[in-house]
Amino acid sequence: MEYQIALVPGDGIGPEVVAEAVKVLKRVGEVYGHTFRFETVLAGGAAIDATGECLPTETLAKCKTADAVLLGAVGGPKWDELPGEKRPEKALLGLRKGLGLYANLRPAMIFPELSEASPLKPSVLGGGLDILIVRELTGGIYFGKHETFRNADGQTSARDVEEYSEKEILRIGRTAFSMAEKRDHHVTSVDKANVLDTSRLWRKTMTALAEEYPDVTLDHMYVDNASMQLIRDPKHFDVIVTSNMFGDILSDEASQITGSIGMLPSASLADGNFGMYEPVHGSAPDIAGKNLANPIATILSVAMLLRYTLNLSKEADRVEAAVKEFLHEGYRTADIAGGNTEALGTVETGDKITALIR
Ligand code: IPM
Ligand code: MG
């Protein structure tokens with residue numbers, strides 16, 4: 001089969017890690033007889049520099065016609081002074097909305113070889129961690145009306161509106177429940193239903209939806225409690241489903257618990273099979289261009305792309321197995337080396353993992 005992949009390398013370490021993931025994908029193509037065609041498009045700071053806009057219309061158009069999108073990272077200090085509407089991060093929001101990517105999957109798992117890296121005690125981790133955060137990605141306060149205005153007292157005021165429809169809650173709920181069916185059959189829905197109307201609707205809708213999934217257990221947690229339970233008793237969680245903003249915050253917390261953010265992939269899915277895949281980490285401008293970045297999160301994002309968009313689960317398993325072998329053989333990148341000066345660079349890591357796909 002032939003597949004069209006749009007590449008959005010972006011800024012900072014983005015281009016370096018995407019290059020390694022592309023190497024891996026090409027290797028998968030050779031071994032399993034698929035052809036991947038790549039088209040590189042601009043977004044974020046790179047696009048601002050080249051065109052004046054963070055998300056040129058051509059980028060969105062090319063992403064739409066591709067089978068899937070692979071993104072590195074956007075943003076950096078160079079563009080930090082720009083106003084909100086013009087910042088590189090706005091490109092991410094534009095891609096999510098423009099491509100209908102409402103379901104964001106952020107797995108937080110600990111690789112046994114790296115369990116030392118977690119800031120949590122082994123007694124709390126109980127031998128591992130495997131949580132899937134399902135974050136609603138195209139609604140809620142990030143996409144509500146934002147305004148700064150002068151109020152009746154002449155004070156400058158600002159407001160951001162949080163809004164969710166039943167339909168939006170149901171579709172992200174369905175994603176979470178069907179993921180749980182393939183995992184440990186447990187969904188925790190996180191909200192702030194003791195205060196917010198959007199959360200009360202969220203809770204009521206998830207409760208009703210649960211009846212369609214009798215083999216999945218649903219529980220509810222307030223977001224403040226959830227942020228506490230994630231470090232007190234992370235084993236409680238299998239799938240967490242939550243709104244855009246709560247998911248943004250909790251997924252950062254969960255990634256830190258694994259101790260190796262350089263290892264975590266993510267998928268943003270639309271209806272059907274289309275998806276955009278990217279590492280959870282950002283553009284890390286401090287180490288950009290130094291061959292220091294860990295490309296594994298992007299390589300594992302490629303595994304998610306193979307699994308969720310292209311339905312190539314054998315190939316996805318192979319990529320994940322190659323990463324495990326790499327770690328098992330004792331290879332490390334600087335971020336996970338624990339002071340070991342023998343750490344491999346970005347390119348060498350990509351080469352080793354590619355070679356392990358046979
Ligand atoms: C993320 C990021 C983005 C978000 C920013 C860069 C807009 O923090 O993907 O989690 O808030 O969604
Ligand atoms: Mg975030």
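A residue counts as buried when its relative accessible area is under 20%, and as exposed when that area is over 50%; partly exposed lies in between. This report applies those terms to salt bridges in a predicted model.

The count comes to 23 salt bridges.

| Pair | Closest N to O |
|---|---|
| Asp-130 and Arg-183 | 3.4 Å |

Take Asp-130 and Arg-183, which form a salt bridge. Asp-130 sits in strand β5 (residues 130–136), while Arg-183 sits in the loop between α6 (166–181) and β8 (186–191), so the pair ties together parts that are 53 residues apart in sequence. Asp-130 is partly exposed, at 44% relative accessible area. Arg-183 is also partly exposed, at 22%.

Arg-307 is partly exposed, with a relative accessible area of 24%. Asp-317 is partly exposed too, with 43%.

Glu-325 is partly exposed, at 24% relative accessible area. Arg-318 has a relative accessibility of 19%, so Arg-318 counts as buried: the cut-off is under 20%.

Salt bridges also join into a network. Glu-20, Lys-23 and Asp-351 are linked in this way.

Note on methods: Residues numbered from 1 in each chain as written. Chains lettered and ligands numbered in written order. Predicted model: local features only at pLDDT ≥ 70, side-chain atom pairs only at ≥ 80, totals over all residues. Heavy atoms only, no water. Salt bridge = Lys/Arg side-chain N within 4 Å of Asp/Glu carboxyl O. Helix = DSSP H or I, 4+ residues; strand = E, 2+ residues; numbered from the N terminus. Buried < 20%, exposed > 50% of the residue type's maximum accessible area, 1.4 Å probe, protein only.
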